[in-house]
Amino acid sequence: VRTIPFPSRSSMRSAKESGSASSTCRTALIDLAPLAEDRGSPLPLGYLLAYASQELGSRVNGRIFQYRLGAHPGAMRAILRDIEAFAPHVVGFSCYCWNIEAVVTLARAMKRRWPGVRVVLGGPEAQPSRILLLERGIVDALVLGEGDETFAELLRRCLDGQGWAGTPGTIAVEVGRGAPQRPASADLGSAYDARGECLGVRRVVRGPQREFIEPLDRIPSPW
């Protein structure tokens with residue numbers, strides 16, 4: 001199996017500035033389930049990967065990671081080790097009321113360790129009210145509503161060397177070059193890497209509303 005290293009800050013910068021594309025997008029989807037829940041298959045994440053594979057083929061190398069919250073004291077460190085070994089370009093979380101705090105903790109840790117990795121949140125708890133997560137550089141996009149088409153488009157944009165800002169069905173961050181500065185309004189902030197160096201000015205952009213998927217048979221079964 002070919003391993004793609006985590007993109008460094010400098011390589012991600014040059015890719016964005018040159019508009020270069022990647023041949024494969026390694027994608028990790030993380031399911032954090034309650035401790036008492038039976039460990040079944042995370043169907044929503046399965047549909048996301050099935051649709052992305054249908055639309056993008058071998059350009060997507062996806063894997064679902066399943067964990068139980070509070071399973072053991074070192075769970076967070078174990079998750080980070082697993083994700084580091086897989087070395088994804090994109091990490092997605094399915095967010096619910098029972099796991100959103102753990103999701104934010106993990107997303108923050110990932111962005112500190114690997115600033116070039118793109119983090120996206122979906123599910124019922126991915127709401128416009130969580131825009132602060134974008135402004136603070138903890139995540140790169142929130143997927144609003146049905147995520148199958150939206151997530152596939154985010155992966156396509158990543159493969160094509162494009163930013164996520166303006167993608168239909170999302171609220172996403174646009175990072176522009178420029179000197180560090182204090183936010184001029186509620187939707188501006190500065191992006192920093194793990195060493196505290198400014199990557200540019202962050203602008204939060206809400207894309208157009210995406211239409212509902214009809215008919216649902218367009219989404220392939222994950223099985």
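This is a predicted model: local features need pLDDT of at least 70, side-chain atom pairs count only at pLDDT 80 or more; totals for chains, interfaces and linings use all residues.
Residues are numbered from 1 along each chain as its sequence is written, and side-chain values use heavy atoms, with hydrogens and water left out.

**View 1. Strand β4 is largely enclosed by the rest of the structure.** Helices (H or I, at least four residues) and strands (E, at least two) are DSSP runs, numbered from the N terminus. Five of the five residues of β4 (residues 118-122) are buried, so the strand is largely enclosed; buried means under 20% relative accessible area, exposed over 50%, and partly exposed in between (1.4 Å probe, protein chains only). In a regular strand the side chains alternate between the two faces of the sheet. Here Arg118, Val120 and Gly122 point one way, while Val119 and Leu121 point the other way.

**View 2. β4 pairs with β3 and with β5.** Strands count as paired if DSSP finds at least two bridges between them. Strand β3 (residues 90-94) runs parallel to β4 and is joined to it by five bridges, with serine 94 opposite glycine 122. With β5 (residues 141-143), β4 pairs in the parallel sense over two bridges, and leucine 121 stands opposite leucine 142.

**View 3. The largest nonpolar core has 33 residues.** Such a core is a set of buried Ala, Val, Leu, Ile, Met, Phe, Trp, Tyr and Cys residues joined through side-chain atoms within 4.5 Å. Ile30, Ile83, Phe93, Met110, Leu121 and Val139 have the most contacts inside it. Helix α4 gives the largest share of this core, seven residues. A second, separate core of 23 residues includes Ala141, Leu154, Leu155 and Ile213.

**View 4. Arginine 63 is partly exposed.** The relative accessible area of arginine 63 is 41%. Leaving aside neighbours within four places in sequence, arginine 63 is in contact (heavy atoms within 4.5 Å) with Thr27, Ala28, Leu29, Leu49 and Phe86. Leucine 49 is 14 residues from arginine 63 in sequence and 8.1 Å away in space, C-alpha to C-alpha.
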